[in-house]
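Here is a friendly walk through one model, with a look at how its parts pack together. Please keep the view open as you read.

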Amino acid sequence: MKPIAPGTVIFHRHRGYGVIVSVNLLTGWISARFGSEVRTLDLNLSSDEVQHADGTPILFRRAPPDRMPHARLMAMVRELHAAGYQRLYLYSWPKPSGLHWRWHLFAGPRQWSERPWREGWYGSGADYNFNPVFGWGDVPGASAQELASALAQFDPHGLAQALGRDEDHTEWFASVCDALLPDHAYSMGWDHAGPMPEQLPVIAVRRGVAPYAGPPLSWPPGWMHLWKVSHAQYAPPIPVRIKPTPQD
């Protein structure tokens, strides 16, 4: 795909040759100046049939983009599991505002509450909205295989820690991917006060997606036990009623 940036020469069937002045790839709109015209013309890359100067069509995705990267990360992790990196895990949870979800990749022992943090292995959907890359040298729209290759080149030492077998988690993760991808992802938290849900919470990765209507999904192996242990330490004491003694 040829780059689109200010200064790119384009061709429009009604206006002829022109030059792009500004680009907004989040919305798919550009501003261009044609011939000796002083004013710029706003064009939509999805519907105005804009071409490069050599006649190559400029194609822009009509479907709304993902507002969070979790489904793409799930597909990448599944690819790496199949390649033998079964000790790679994806943790996701809502931000306190409830507007976006965070994500965190980690490798090594499967410890959900004591996850190792490595630079570049975590992020937020809030950042992804404006810059749809992970920072591994990847490009927007990269496939799961391309993302896995980019991560391996970005941090080979970190990914090497994911080599090994975790068959229980890999089987669970594959079943969740089959049920949710490409329009939904899972969350290991919930955005409201209340008891822990019995089933794994599901979130949509883009607007306009129908609510998840598939089978209920279980929490990952080891999660329920961890939750009960960690919260038992902080459970409020049960009040004990003491029978009053008669006064002398």
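A nonpolar core here is a set of buried Ala, Val, Leu, Ile, Met, Phe, Trp, Tyr and Cys residues joined through side-chain atoms within 4.5 Å, where buried means under 20% relative accessible area with a 1.4 Å probe, protein chains only. The model is predicted, so to speak of local features takes pLDDT of at least 70, side-chain atom pairs count only at pLDDT 80 or more, and totals for chains, interfaces and linings use all residues. Residues are numbered from 1 along each chain as its sequence is written, and side-chain values use heavy atoms, leaving out hydrogens and water.

The largest nonpolar core holds 45 residues, and Met 74, Met 76, Leu 90, Leu 105, Trp 136 and Tyr 186 have the most contacts inside it. Helix H1 gives the most to this core, with six residues. Apart from it lies another core of ten residues, including Ile 4 and Ile 30.

Leu 105 touches Met 76, Leu 90 and Trp 136, among others (contact: heavy atoms within 4.5 Å). Leu 90 also stands opposite Leu 105 in strand E7. Seven bridges join E6 to E7, which run antiparallel.

| Item | Value |
|---|---|
| Angle between H1 and H3 | about 75° |
| Distance between the axes of H1 and H3 | 8 Å |

Axes are lines fitted to C-alpha atoms, for helices over the stretch in contact, and angles run from 0 to 180 degrees between N-to-C directions. H1 and H3 are therefore roughly perpendicular (65 to 115 degrees).

Definitions and conventions: Helix = DSSP H or I, 4+ residues; strand = E, 2+ residues; numbered from the N terminus. Parallel < 35°, antiparallel > 145°, perpendicular 65-115°, else oblique. Buried < 20%, exposed > 50% of the residue type's maximum accessible area, 1.4 Å probe, protein only. Pairing = 2+ DSSP bridges. Lists of a residue's contacts leave out its neighbours within four places in sequence.
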